[in-house]
There are 2 protein chains.
Amino acid sequence: MKIKNITSIGEFGLIDIIKNKFVNTNNDSDIIVNIGDDSFCFKLGNMRLCISKDMLIEDVHFKKDWIDPEGLGKKSIEVNVSDIAAMGAVSPRYAFIGLGLPQKTSKAFFIQLYKGFKGACDNYNMAIVGGDFVKSDKIVISVTIVGIVNGKIIKRSGAKFGDLIGVTNFFGDAGAGFSLLYRYGTRHKFNRNERILISKQNNPKARLKEAWKMSKYLTSLIDASDGLYVSIDSITKHSGKGAEIYIDKIPVSLNLKNVFRKNKEQLNFALFGSEDYELVFTVPNSKASFLKKLVPQISYIGKITTSKKVKYFYDHEEQKIKYFGYKHF
Amino acid sequence: MKIKNITSIGEFGLIDIIKNKFVNTNNDSDIIVNIGDDSFCFKLGNMRLCISKDMLIEDVHFKKDWIDPEGLGKKSIEVNVSDIAAMGAVSPRYAFIGLGLPQKTSKAFFIQLYKGFKGACDNYNMAIVGGDFVKSDKIVISVTIVGIVNGKIIKRSGAKFGDLIGVTNFFGDAGAGFSLLYRYGTRHKFNRNERILISKQNNPKARLKEAWKMSKYLTSLIDASDGLYVSIDSITKHSGKGAEIYIDKIPVSLNLKNVFRKNKEQLNFALFGSEDYELVFTVPNSKASFLKKLVPQISYIGKITTSKKVKYFYDHEEQKIKYFGYKHF
C-alpha cells in the first residue's frame with residue numbers, strides 16, 4: 001500500500017478534506033462567509049464581523065537577511081489586512097499576534113519587529129490587543145485580524161456570466177523581486193528597477209481603500225496572494241463559471257519589463273508569481289466604466305464565460321497555459 | 001555594550017514592552033479586557049466577544065512520539081478553550097486553526113489531527129470555520145477561538161482583601177506526567193498511576209462548565225496553564241494585592257502521591273508544573289461555602305492580603321518558595 005503524504009494532496013486538497021469531513025456549520029444561520037474564502041464572516045447581534053488568520057514562517061515565507069525586522073512586522077500585518085480587504089467593505093479593528101521566536105533573538109530585533117506591527121496597524125487605525133510568545137527554532141508569526149463589516153460583503157463565488165474581470169494594479173513585481181533575491185542574494189548590487197521589484201516583495205500594501213470604494217459594485221472579489229492565475233481559477237471554480245483572459249491586458253510594470261525583457265518571463269511572473277496582494281474582482285459590464293473612473297488604476301483583463309474553463313488569449317489566439325507557481329505541499 | 005536577547009527579558013518582560021510601547025487602546029471604550037489577560041474581550045453592538053489565541057510548536061510544547069495526532073488536535077483546542085473559560089461566562093463558538101506541517105506529513109496524521117480538533121470542538125458546540133496551511137520544518141498549531149459572552153466577565157485583576165483563593169481540582173499531575181515522559185521516554189513500561197499522570201499531560205480538559213457555574217460569584221479568575229505559582233502571582237500582581245497560601249491545602253491527587261512519594265516533589269509539581277489547566281479564582285469569604293456546594297470539587301488554598309507579597313505556609317510556618325518552573329525565554 002502506498003502511504004499518501006500531504007504533498008500528493010496539496011493545499012486545496014487538504015481544504016477540501018476539511019470542508020467535507022470536519023466542517024459542520026450547515027445549521028449556523030449566523031455564518032455569512034464560511035471556510036474557504038479569504039476571511040470568515042458572521043453575524044453577531046446587530047453587527048457583522050470578518051476574521052482572517054495567516055501564518056508566516058522563517059525560511060518558508062521569508063528569510064531573515066532578505067527583509068529587516070520592521071519590514072517583516074509590517075508585511076505580516078499587510079498580508080492579513082489584504083485578506084480582510086478581499087471581503088469588501090470591512091474595517092480591520094483588532095490584531096492578535098502570536099510569535100514563535102528563537103531564544104537567541106535580540107531585544108533590538110523584537111522591538112523593530114513590533115515597530116513594524118504597530119506602524120502597519122496604526123495606518124489602519126487597528127489596535128494590537130493580544131497574542132502569545134513561544135519558543136521556536138524558526139521565527140513564526142501568526143496574525144489574526146478582526147474586522148467590522150460596514151457595507152457589502154463580496155465572496156469569491158458571485159461572478160456572473162458576462163461580468164468583466166478586473167485587477168487593482170500591476171502583477172508580477174513581487175514574484176520577480178523574490179526571484180532576484182533567490183538568485184543573487186542580498187549582497188548583490190541591484191539596480192534601481194531591481195530594487196523596486198524587491199521592495200514590492202518585501203513591502204506589500206493591502207488594497208483596503210480600493211475594496212471599500214469598489215465593493216458596492218462587485219459580484220466577486222479575492223486577493224492575489226497566491227498569484228493571478230490561482231485567483232482567477234478560484235473565482236471561476238467557486239462561481240461555477242469560466243473565463244476568457246486577454247494576456248496582453250494584464251498590467252505589468254515598467255520596472256518588471258526593464259529587468260525581465262522577455263515576454264514569456266514577464267507573463268510567468270504576472271500569472272504565477274505570488275504576493276502581489278492586488279485585488280482580483282468581477283463587475284457587471286454595465287458598471288465597468290463607472291468603476292474605472294472611480295478607481296483609475298484598475299485594469300480589465302478578461303470576462304466571465306459559462307464554459308467552466310479558463311482560456312487565455314494573446315492577440316486573439318488561444319494560448320496553452322500550465323500552472324507552475326509555488327505549491328505549499 | 002552588552003546586546004540583550006529576549007531570554008534575559010523573559011516572556012512577561014516582553015509583554016510589558018508591548019503594553020508600554022506598542023499598545024494604544026486607551027481611547028477604545030469598546031474594550032472590556034485588554035492585552036495581558038487570558039483572552040481579549042470587547043463590546044460589539046449589543047453583544048460582547050472574547051477571543052483567545054495560542055500556539056503549540058513541536059519539540060517545544062509536545063513531541064510527536066509522546067502524543068498521538070488525535071490527542072494533539074484535541075489538546076490544542078482544550079488549551080484555547082481554557083483561556084476562554086478563564087474569562088467567566090463565555091461560550092466558545094468559532095475555531096480558526098492555522099497549521100504549519102512538514103511536507104512529509106502523512107494523510108493519516110493530518111486526518112487524525114483534524115479528528116482531534118473536531119472531536120474537541122463538537123464537545124463545545126464550536127465550529128471550525130477557518131485557518132490556513134503552510135509548510136514548516138516543525139509542526140506548528142495556532143488556534144484562535146471566538147467566544148460569545150453570556151454573563152459576567154471576570155478579569156485576573158479583581159481580587160479583594162479577604163477573598164478566599166480557590167482552585168477547581170488537583171495540581172501537579174500534568175507536570176508530573178511530562179516529567180515521566182521526559183525521563184523515561186514512551187517505550188518505558190509505566191504503571192497505572194504513571195499512565196494516569198501522563199494522560200493528564202496529554203489529555204487536558206478545560207474547566208468551562210465550572211467557569212460558567214462560578215463566574216457570578218468570583219472577583220478574579222485565571223487558568224493555571226503556566227502552573228499554580230504563576231497564576232497566584234498574576235492574580236495578586238494584577239489586583240495590587242498579596243496572598244497567604246496554605247501549602248497543605250493544595251489538592252494533590254493520589255496518583256501523584258503514589259508515584260512521587262516525597263512531599264517536596266509533590267509540592268514542586270503542584271506549584272511549578274504547568275498545563276494542569278485548572279482554574280484559580282478568588283471569591284468573597286461570604287460566598288465561599290455556597291460556591292463549594294455548587295461545585296463540590298473546588299478547594300480553598302489561601303486568602304488575599306494587602307501585603308503585595310505572596311507568602312506560603314506549611315503547618316502554620318512560613319516557607320521560602322522560589323520559582324523554578326518552565327520559562328519560554
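In the predicted model, the buried residues of helix H9 of chain B are covered by elements that include helix H4 (173-184), helix H7 (228-239), helix H8 (254-259) and strand S12 (310-314) of chain B. Helix H9 itself spans residues 263-272 of chain B, and 7 of its 10 residues are buried, which leaves the helix mostly covered. The buried set consists of B:Gln266, B:Leu267, B:Asn268, B:Phe269, B:Ala270, B:Leu271 and B:Phe272.

Strand S12 of chain B, one of the elements that cover H9(B), contains B:Lys311. This lysine counts as partly exposed because its relative accessibility is 31%, and the range for that class lies between the limits of under 20% for buried and over 50% for exposed. Apart from neighbours within four places in sequence, B:Lys311 is in contact with B:Ala243, B:Glu244, B:Ile245 and B:Glu318. The C-alpha atom of B:Lys311 is separated by 8.4 Å from that of B:Ile321, which is 10 residues away along the chain.

S12 belongs to an open sheet of 7 strands in chain B, with the order S8-S10-S7-S11-S9-S12-S13 and mixed pairing. Strand S8 (220-223) and strand S13 (317-319) of chain B are the edge strands, each pairing on one side only. From one strand to the next, the twist averages 30°. Helix H10 (residues 285-294) of chain B packs on this sheet and touches S7, S10 and strand S11 (299-305) of chain B; the direction of H10 makes about 130° with that of S10(B).

Strand S10 (residues 279-283) of chain B is joined to strand S7 (residues 164-167) of chain B by 4 bridges, and the two run antiparallel. Within S10(B), B:Val280 is the bridge partner of B:Val167. S8(B) and S10(B) also pair in the antiparallel sense, over 4 bridges, and here B:Val280 in S10(B) is the bridge partner of B:Ile222. In a regular strand, side chains alternate between the two faces of the sheet. In S8(B), B:Ser220 and B:Ile222 point one way, whereas B:Leu221 and B:Asp223 point the other way, and all are buried.

Elsewhere in chain B, strand S4 (residues 88-101) and S5(B) run parallel and are joined by 8 bridges. B:Ile97 stands opposite B:Gly131 of S5(B). Strand S5 of chain B covers residues 127-135 and is mostly covered, with 7 of its 9 residues buried. Together with helix H3 (residues 107-123) of chain B, S4(B) and S5(B) make a right-handed β-α-β unit.

Helix H2 (residues 69-85) of chain B contains B:Ser76. With a relative accessible area of 0%, B:Ser76 is buried, because the cut-off for that class is under 20%. Not counting residues up to four places away in sequence, this serine touches B:Leu56, B:Phe117, B:Ile141 and B:Val143.

In chain A, 6 strands form an open sheet in the order S1-S2-S3-S6-S4-S5, again with mixed pairing. Its edge strands, each pairing on one side only, are strand S1 (31-33) and strand S5 (127-135) of chain A. The twist from one strand to the next averages 25°. Strand S3 (residues 47-57) and strand S6 (residues 140-153) of chain A pair in the antiparallel sense over 9 bridges; A:Val146 in S6(A) is the bridge partner of A:Ile51. Helix H3 (residues 107-123) of chain A lies across strand S4 (88-101), S5 and S6 of chain A and runs at about 170° to S4(A).

The contact between the chains takes 74 residues from chain B and 74 residues from chain A. About 6300 Å² is buried between chain B and chain A, and carbon and sulfur atoms give 72% of this area. B:Phe22, B:Lys53 and B:Phe133 supply 12% of the area that chain B buries against chain A, more than any other three residues. There are 6 salt bridges between chain B and chain A. In a salt bridge with an N to O distance of 3.4 Å, the side chain of B:Asp137 meets that of A:Lys138.

Methods:
Residues numbered from 1 in each chain as written. Chains lettered and ligands numbered in written order. Predicted model: local features only at pLDDT ≥ 70, side-chain atom pairs only at ≥ 80, totals over all residues. Heavy atoms only, no water. Buried < 20%, exposed > 50% of the residue type's maximum accessible area, 1.4 Å probe, protein only. Pairing = 2+ DSSP bridges. Right-handed = clockwise from strand over helix to strand, strands pointing away. Axes fitted to C-alpha atoms, helices over the stretch in contact; angles between N-to-C directions. Contact = heavy atoms within 4.5 Å. Buried area = accessible area lost by both parts, 1.4 Å probe. Salt bridge = Lys/Arg side-chain N within 4 Å of Asp/Glu carboxyl O.
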